[in-house]
Structures are given as C-alpha cells and as structure tokens.
There are 2 protein chains.
Amino acid sequence: MSVALVGAGPGDPDLLTLRAARLLATAEVVVHDALVGDGVLALIPESAERIDVGKRPGHPTPQEMISTLLVELGRQGKRVVRLKGGDPFVFGRGGEEAEALAEAGVPFEVVPGITSSVAAPAAAGIPVTHRGVSAAFTVVTGHRRHGEPDVDWRSLANVGGTIVVLMGVSQRGVIASELISGGLDPSTPVAAIESATTDAQVVGRWTLAALADAEVRSPAVIVIGAVAAFDFRSGYLPAMSEATAYAPIRSSQPGQPHLR
Amino acid sequence: MSVALVGAGPGDPDLLTLRAARLLATAEVVVHDALVGDGVLALIPESAERIDVGKRPGHPTPQEMISTLLVELGRQGKRVVRLKGGDPFVFGRGGEEAEALAEAGVPFEVVPGITSSVAAPAAAGIPVTHRGVSAAFTVVTGHRRHGEPDVDWRSLANVGGTIVVLMGVSQRGVIASELISGGLDPSTPVAAIESATTDAQVVGRWTLAALADAEVRSPAVIVIGAVAAFDFRSGYLPAMSEATAYAPIRSSQPGQPHLR
C-alpha cells in the first residue's frame, strides 16, 4: 500500500484511529492540509518529509496539483500519508484523489477519520441526534465553488433535523436568511464551535436570527436546531419546547479536549 | 473519570480511536451494545467485567435500565467504558446516558467514534460528498419509536444531497416511496452496505425504485444519491448525468477492511 488517504479527526491527537497512528509512525512522506491539528502534526516522525498543501486563503495549492503529487509520490513506491482534517470524504475532496490514484494504477487505501461535523458539537455538549428531539442531521458546506451543485436551504428547513454547517462562517448570514425564509423558526438555537477538541476551543450560542451578526471566527462548525441549546456536560438537556426559548450567550470553554 | 461513553466505530478494530483503545485496555467494566464489532470486543481485557445490553429484537434492555446501571457503576468508582457501535451521538442515545450521569453527579467523558454513516459508504468506495455531485449529506434513521419526531422525507428529497439511512432495512420500501413522492428520481442510485469494514462486508447496488424489493440484511447502511453509483476503489466515478443510468447489480466484496 503506497498511498493512504487518512482522516486526522477534529484536532485532538487522541482522536486519531489506531490505523492512522500506525501509518503516520511509519510514513516516509506526509502531505497535509491546513485543518490538521498541531497535536496530530507533532506525531509525524522527524525522518518523514512533510509537505503542506494547506488551502489557506491566498495560498492555495490547486486540487489537481495535489492529486498529481500523490500519484508521483506513490509511483516512487514511498510510504505516503495524505493527512486530511476530519474525514477524507466529508468535504475533504478525498474522492478526487482516490479517483486520480485509481486511474493511475497506484495502490491506495482510505482510512476514515472522526468527522468534525459530529465531534465538534459533541465537544460542546451537543448530540447531533437525540431521542424525541432530532431524528436526522444534515451536514452541509457553506462554501460554494463555481459550478457546484447547490443545496436547497428552504427544503432543508423543512426536513426537521439538526443542520451542521462546515466552512460556513462567511456565509452565515445568507444561510440563516434562507433557512428562515424556508420556514425555520428565527428563535431556533444555534451554536458555533471554533477549534473543537483542542485547548483553544471556543463555543458560542445564539438564535438563528442572531447568527448573521454573531462573532464567529473561521474555521468553525455551526450547529442549527433544538439540540444546539443542549449541553450534556452540565446535564442541561431542555425539552424541544424549551429549546426555542433559549437566550443567546457566548461562553469560552477551553481545555476540554475529551468533552469532560 | 469514572464513566466513558465511547464510540467503537463501524466494526474494524483498527478504526478505534487511540483514546478508546486506551480506555478499553484499562477498563474494569465494559457495558456494550449488539452493534459493537467482534474485533473490538476481543480487545476487552479478560480481567474486565463484560455486560451485554445489546438491544437485539426480543431481548432489549430498556434505556432507563442502562442509564441506571451506568450511574450505579460510576458511583462505585469503577473504570467503566460504555461501548457503542459507531458514534455515541449518531442514534446511539448517548445524550440520554450523558444526561443521567450529569444529573447524578457522576463524572464522565465522551469519546467520539467513527460513524458508520460515513465509514460504511467509504468502505464500499462511496464518498458521501463529492465535488460537483453532492455538497451535503443527511443521516437519518429509518427506525421510529412511538412519539418520535418525524422526518419529512419529501422535503429531504429536494435538499439535493446524499441521504444515508441507518437502521432502515425494514422500512426501505416506505422510505423509497416517500422520497419518490417527494420528487426524487426513481432511477437514483442506491447502495446498501452490510457488516461494513469487516470480513463479512457485503455491498449491494440498485436504483431507488428497486430498493423495496432488494435483498438487504439488517443491520445495513443504505446510501441514496448519485454518489451511491461510485466506486473509487476501481476508479469508477461517473458524472452526475451518467450516475442515473446506473444498472442494478449485487456484489460481495469481503476482506477489504481498509477499503483497499
């Protein structure tokens, strides 16, 4: 197996899978994103070549170049780990890299990672599903490239489950507006989790109506729905009817890497 | 930390997190579900007490009893691991157990697991999101208890993303019918993955119209949407327009725990 597309999870290195940790420990080359946590990067052996293809604004490495790089490294027979924040197939563009490797005949494997879409809410005490409150959750990106298929936010407003938005900080006003136009109650609870599962974690909570003007720093995971008012760490799990009466607050809860 | 609510992932023990593996290795009591993989159960130390609360049909342990048990064990100061298939908060009822522990003042932590909703499709070569094809995915349970909030399948049909159904085998006919009534193309590709990420993995593929009569054994993860026709393991990633022309097949692909 020469190339492994590996999910690095939400940030906390303890949330790496056993398989990911083993592949990292023996890697000869690690190609990683900007969203991979520092704690995970610290596990890369000194002997390994490290290539940062992080798509920071203004410093992007085009996806085609990344795919070409992986094919080249794979053909050299090196033990390559392509490390991605979260899971490779949750907006990680892992499918494109897998396609390029398969077409080039380069052997590869895929190692799922803990997706921030579930783990970031959990780190804020929010279950994405909860009996009697939410029987579905939709994970959606707020980031649209030209030619991307669009999400029908107004239909989404009527599904009746939790909505988790990744990469949606800059579009949060438009998203909130579309969801409210679709029929979602403006008082629906919203939470945003920055730097989830790390010492820098910050959790903010508002209503959907207040989201546009809320202070949220990117990257953050935004949770919309009754469960966003929950904090099971404190035993606070309001009933659905109470959740909509939730008052906006903003709190910082650092140092809870394991959701204690 | 006396009680840990731990996600066991989809089946393959290599997909446990480092934290989960460490907690298991030092556990004094392990309370586990029916959906936890045999490979993961094999990691429980011989010295640990093992309590199976698996909710198999006809042999259920009521959720209230499980919560009470966890509180009691936690109060005894034992190192308790509550092991759940997948992730504790993706239909794992972890929120209810967390609530009971918090209310009782029993210290606990939550360790996310790899959710089958993403990892089972990946194990069949299906990315739940893919650039130009799917910019959202909804995870929903087909299993409804009395008094549960309902999911509006017809609205879901219009969202435009991938639909992943957990615990939906027995309801697959009704689900397909509702989605088609909501406007989803009857030729939309569908895949079902049984025993994902284990040696017993079986993948079936059909159209949405054929799902009702398809042979699927529970438990299985059902994927509905253009990506369900993909198999990146073989480099087969059809364009959206081609995906709907997908012909139903059924194939068995055992022995691919790492999605090779």
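In this predicted model, B:E96 and A:R131 form a salt bridge across the two chains, with their closest N and O atoms 3.1 Å apart. The count of salt bridges between chain A and chain B is 4. The contact draws 66 residues from chain A and 66 residues from chain B, and the two chains bury about 5500 Å² between them.

**Polar and charged pairing across the interface**

- Side chains of opposite charge can pair when their charged atoms come close.
- The pair B:E96 and A:R131 is a case of such a salt bridge, with a closest N to O separation of 3.1 Å.
- Across the interface of chain A and chain B, 19 residue pairs are in polar contact, both residues being at pLDDT 80 or more.

**Elements and composition of the chain A side**

- The elements of chain A that give two or more residues to the side touching chain B are helix 1 (18-25), helix 4 (94-104), strand 5 (108-111), helix 5 (116-123), strand 6 (136-141) and helix 6 (153-157).
- Strand 6 of chain A supplies the largest share of that side, namely 6 residues.
- By residue class, the side of chain A that touches chain B comprises 34 nonpolar, 15 polar and 17 charged residues.
- Of the area buried between chain A and chain B, 66% is on carbon and sulfur atoms.

**Strand pairing between the chains**

- Strand 6 of chain A and strand 6 (residues 136-141) of chain B run antiparallel and are joined by 5 bridges.
- Within this pairing, A:V140 has B:A136, in strand 6 of chain B, as its bridge partner.

**Relation between the two copies**

- Two copies of a chain are related by a rotation about an axis and a shift along it.
- Chain A is superposed on chain B by a rotation of 180° with 0.0 Å of shift along the axis, at an RMSD of 0.0 Å.
- The two copies are therefore related as by a two-fold rotation axis.
- The copies meet through the same surface, because 100% of the interface residues of chain A are also interface residues in chain B.

**Salt bridges in the whole structure**

- Over all chains, a search of the whole structure finds 24 salt bridges.
- One salt bridge within chain A joins A:E109 to A:R19, with the closest N and O atoms 2.6 Å apart.
- A:E109 belongs to strand 5 of chain A and A:R19 to helix 1 of chain A, so this pair ties together parts that are 90 residues apart in sequence.

**Backbone features in loops**

- The peptide bond from A:S218 to A:P219 is cis, with omega near -5°.
- A:P219 is located in the loop between strand 9 (202-207) and strand 10 (220-224) of chain A.
- In chain B, a cis peptide bond with omega of about 0° joins B:S218 and B:P219.
- B:P219 is placed in the loop between strand 9 (202-207) and strand 10 (220-224) of chain B.
- A:T197 is not a glycine, yet has a positive phi of about 65°.
- A:T197 lies in the loop between strand 8 (189-194) and strand 9 of chain A.

Note on methods:
Residues are numbered from 1 along each chain as its sequence is written. Chains are lettered from A and ligands numbered from 1 in the order in which they are written. This is a predicted model: local features need pLDDT of at least 70, side-chain atom pairs count only at pLDDT 80 or more; totals for chains, interfaces and linings use all residues. Side-chain values use heavy atoms; hydrogens and water are left out. Contact means heavy atoms within 4.5 Å. Buried area is the accessible area (1.4 Å probe) that two parts lose on being put together, summed over both. A salt bridge is a side-chain nitrogen of Lys or Arg within 4 Å of a carboxyl oxygen of Asp or Glu. A polar contact is a pair of N or O atoms within 3.5 Å; within protein, one must be able to donate a hydrogen and the other to accept it, and residues adjacent in sequence count only if both atoms are side-chain atoms. Helices (H or I, at least four residues) and strands (E, at least two) are DSSP runs, numbered from the N terminus. Ala, Val, Leu, Ile, Met, Phe, Trp, Tyr, Cys and Pro count as nonpolar, Asp, Glu, Lys and Arg as charged, and the others, Gly among them, as polar. Two strands pair if DSSP finds at least two bridges between them. Copies are superposed by least squares on the C-alpha atoms of residues with pLDDT of at least 70 in both.
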